[in-house]
There are 2 protein chains.
Amino acid sequence: MRSPEELTVAFRTAGLKVTPQRQLLFRLLHDNSSHPTADSLHSAATSVMPGISLRTVYQTLTDLAHMGELQSIEVGSGSLRFDPNVSDHHHAVCDDCGDVHDVYVTKAPVLRGLDDFSVSDAHIVYRGQCGACSALVAQK
Amino acid sequence: MRSPEELTVAFRTAGLKVTPQRQLLFRLLHDNSSHPTADSLHSAATSVMPGISLRTVYQTLTDLAHMGELQSIEVGSGSLRFDPNVSDHHHAVCDDCGDVHDVYVTKAPVLRGLDDFSVSDAHIVYRGQCGACSALVAQK
DNA sequence: TGCTAATTAGCAATTCATGCAGATAAGGTT
DNA sequence: AACCTTATCTGCATGAATTGCTAATTAGCA
């Protein structure tokens, strides 16, 4: 997603207001590769701005997603995760620690078994063990 | 997943009991490629066995999944879907009608951008428009 | 037939997300 | 700088999907 400054302009242009709550969320999301949930973002926001509502976090995330600044992904953790990286990429989820990593594929896989389906999007979720967790297991 | 008869043996062997409720669900799931939700299965079961509990449906689905007879998938429809096809395959979801189709890929895509992650599983969700829905749009 | 442990049904509880409404504040206008 | 319109915020209620809990029931073996 774009920088907080660019988003400020984009929101005003779209007739949306730029509130302190939104500016905080812009900052918390910018360059954030942790794939946070709405709840974890709310926790982070609360420590800077006590009293900010979880409802506001959801609302702003929805707005950003509609504007294409944010991608929401489902990786089986029970809640939605938000990804400010909107380039064409996929995700690898560690079964041990649950961390989500961005990954890219060299070539889109070719479909088989379905005659007549026009694909507009494909998303791959890899599961396995991340480097940090395999190191932890090895040292035990 | 295996046939109702084979599952009956497997359940008894595992120390689990084979109840009429479970036998019905075995039959409803066998060769079912509609990727039903717990709720749609409960509806189907209710028309045959009025009074069967949604809780029992969930319980049996969980048991079957733990035994590897069933795969549970998430395609962004809000609720889990269950797939008795446990071969290595992926899914294509129609954005118009929501139907889920089994698909196979000729070659697993090669990862890029992650040094140290041992992949144990990869699942691809394709989105787009199925043949039936594109035909519907064309005839309008 | 009887015993025991697994299962069922029904309801409560939980989690994640959205709907709603009154109070508030952004930001263009005067 | 004061004002006005409208979007936004907060808090709470609601909804949807799933799991926890428990008394009553039943499968399946002895």
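Biologist: On what basis are the features reported, and how are residues and chains labelled?

Modeller: Residues are numbered from 1 along each chain as its sequence is written, and chains are lettered from A and ligands numbered from 1 in the order in which they are written. This is a predicted model, in which local features need pLDDT of at least 70, side-chain atom pairs count only at pLDDT 80 or more, and totals for chains, interfaces and linings use all residues.

Biologist: Which residues of E3(A) are buried on each side?

Modeller: In a regular strand the side chains alternate between the two faces of the sheet. Both faces of E3(A) are covered. A:His90, A:Ala92 and A:Cys94 are buried on one side, and on the other A:His91 and A:Val93.

Biologist: In what sense does E3(A) pair with E6(A), parallel or antiparallel?

Modeller: Two strands pair if DSSP finds at least two bridges between them. E3(A) is joined to E4(A) by four bridges, and these two run antiparallel; A:His90 stands opposite A:Val103 in E4(A). Towards E6(A), A:Cys94 stands opposite A:Gly128. Four bridges link E3(A) and E6(A), and the sense is parallel.

Biologist: Which residue in the hairpin of E3(A) and E4(A) takes a positive phi?

Modeller: Five residues lie between the two strands of this hairpin. The positive phi, near 85°, belongs to A:Gly98.

Biologist: What is the order of the strands in the open sheet?

Modeller: The sheet has eight strands with mixed pairing, drawn from chains A and B. Strand E5 (111-112) of chain A and strand E5 (111-112) of chain B stand at its edges, each with a single partner strand, so one side of each has no neighbour in the sheet. The order is E5(A)-E4(B)-E3(B)-E6(B)-E6(A)-E3(A)-E4(A)-E5(B).

Biologist: Which residue is the bridge partner of A:Val105 in E5(B)?

Modeller: Strand E4 (residues 100-105) of chain A pairs with E5(B) in the antiparallel sense over two bridges. E5(A) and strand E4 (residues 100-105) of chain B are likewise antiparallel over two bridges, with A:Arg112 opposite B:Tyr104. For A:Val105, the partner is B:Leu111.

Biologist: Which element supplies the largest share of the side of chain A that touches chain B?

Modeller: Two residues are in contact if their C-beta atoms, placed from the backbone, lie within 7 Å. The contact takes 35 residues from chain A and 35 residues from chain B. On the chain A side, E4, E5, E6 and H5 each supply at least two residues. The largest share, 14 residues, comes from E6(A).

Biologist: How many helices and strands does the secondary structure of chain A have?

Modeller: From the N terminus on, the elements run α-α-α-α-β-β-β-β-β-β-α. The secondary structure of chain A therefore comes, with elements taken as DSSP runs, to five helices and six strands.

Key
A residue is buried if 20 or more other C-beta atoms lie within 10 Å of its own, exposed if 12 or fewer, and partly exposed in between; C-beta atoms are placed from the backbone.
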